[in-house]
Amino acid sequence: MLTVRIAPWRRLALLALLPHLFLSAAAVVARQCLWPGQASDDAGCLSWRVMVEANNARGWRTVPPQCVGYVSGYMTRGQYQRDVAGVAEQARAYADGVAADADGLDAWVFDIDDTCLSNLLYYEAKQFGAYDPLAFRAWASREACPGIHPVLGLFTTLLDKGFKVFLLSGRDEETLGSCTAANLEAQGFSGTPEYRGQSSSIFKSAVRKQLVDEGYRIRGNVGDQWSDLQGDCAGDRVFKIPNPMYFVP
């Protein structure tokens, strides 16, 4: 058997190198964990997305050009769906601890666009560019927005538990109310106690205040924009659906 003896000073040198070897190996593994096509410099876009979700980045009109590919990958390669499912699971766990009263006044409020219905196909085709009201109206009129399945599961659970669920939309009710309601029902968002489509000129906080004035207790509020979740009568607890595609003040 061949025995290799290493001088003491060489052993010390090897021990000193070990931490650097481990760090180099970790860096290789981290690069391999990136999704296909993702460059290592996308770390800056990850930081931007975190700032968006934390409501630290505000007032932006378009996804930064260097982050268009990153956002598309996030939205289409599984991470977005996992994140939405995580939000829905947290909301469901919270709802399990809140009993709906027999008076029927315990309520939840859901936003519609990119909370219940996905506009990913529309925004991805535009390369996540600036909002175009005419183009969006044409898209929404097609009644082709896919439902967001984890949110649909939460919606159904809440109805089964006896909560009323109100859908508050910034869409114009006169031009998009009927097609939005049809799109919702086609995607499984049926059995809604009331649909309240509102013009974008009416703040959602004002609509929530109206519900409270009518005697409703808003137990939860779900939306993809921080503007859905702030203001008067926001609810006992809010749940933010991720959305790095656009910002609504």
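Visitor: What share of the contacts in the chain with a separation of 6 or more comes from residues 24 or more positions apart?
Guide: They account for 74%, where contact means heavy atoms within 4.5 Å. The model is predicted: local features need pLDDT of at least 70 and side-chain atom pairs pLDDT 80 or more, while totals for chains, interfaces and linings use all residues. Residues are numbered from 1 along each chain as its sequence is written, and side-chain values use heavy atoms, without hydrogens and water.

Visitor: How many helices and strands does the chain have?
Guide: There are 10 helices and five strands.

Visitor: Why is α2 called roughly perpendicular to α3?
Guide: Helix α2 (residues 43–53) and helix α3 (residues 68–76) pack at about 65°, with axes 9 Å apart. The angle lies between N-to-C directions of lines fitted to C-alpha atoms over the stretch in contact, on a scale from 0 to 180 degrees. Under 35 degrees is roughly parallel, over 145 roughly antiparallel, 65 to 115 roughly perpendicular and the rest oblique. The pair is therefore roughly perpendicular.

Visitor: Which residues make the contact, and of what class are they?
Guide: C45, L46, W48 and R49 of α2 meet Y70, V71 and Y74 of α3. By class, six are nonpolar, none polar and one charged. Arg, like Asp, Glu and Lys, counts as charged; Ala, Val, Leu, Ile, Met, Phe, Trp, Tyr, Cys and Pro are nonpolar, and the others, Gly among them, polar.

Visitor: What makes α3 mostly covered?
Guide: Seven of its nine residues are buried, that is, under 20% relative accessible area, against over 50% for exposed and in between for partly exposed (1.4 Å probe, protein chains only). The buried ones are V68, Y70, V71, S72, G73, Y74 and M75. Their cover includes α2, α4 (79–96) and α5 (120–125). In the chain as a whole, 41% of the 249 residues count as buried.

Visitor: Why are β1 and β4 said to pair?
Guide: Strands pair if DSSP finds at least two bridges between them. Strand β1 (residues 106–111) and β4 share five, in the parallel sense, and D106 has R217 of β4 as its bridge partner.

Visitor: What joins β4 to β5?
Guide: Three bridges join β4 to strand β5 (residues 238–240), and the two run parallel. N221 stands opposite V238 in β5.

Visitor: How many residues of β4 are buried?
Guide: Five of the seven residues in β4 (217–223) are buried, and the strand is mostly covered.

How values were computed. Helix = DSSP H or I, 4+ residues; strand = E, 2+ residues; numbered from the N terminus.
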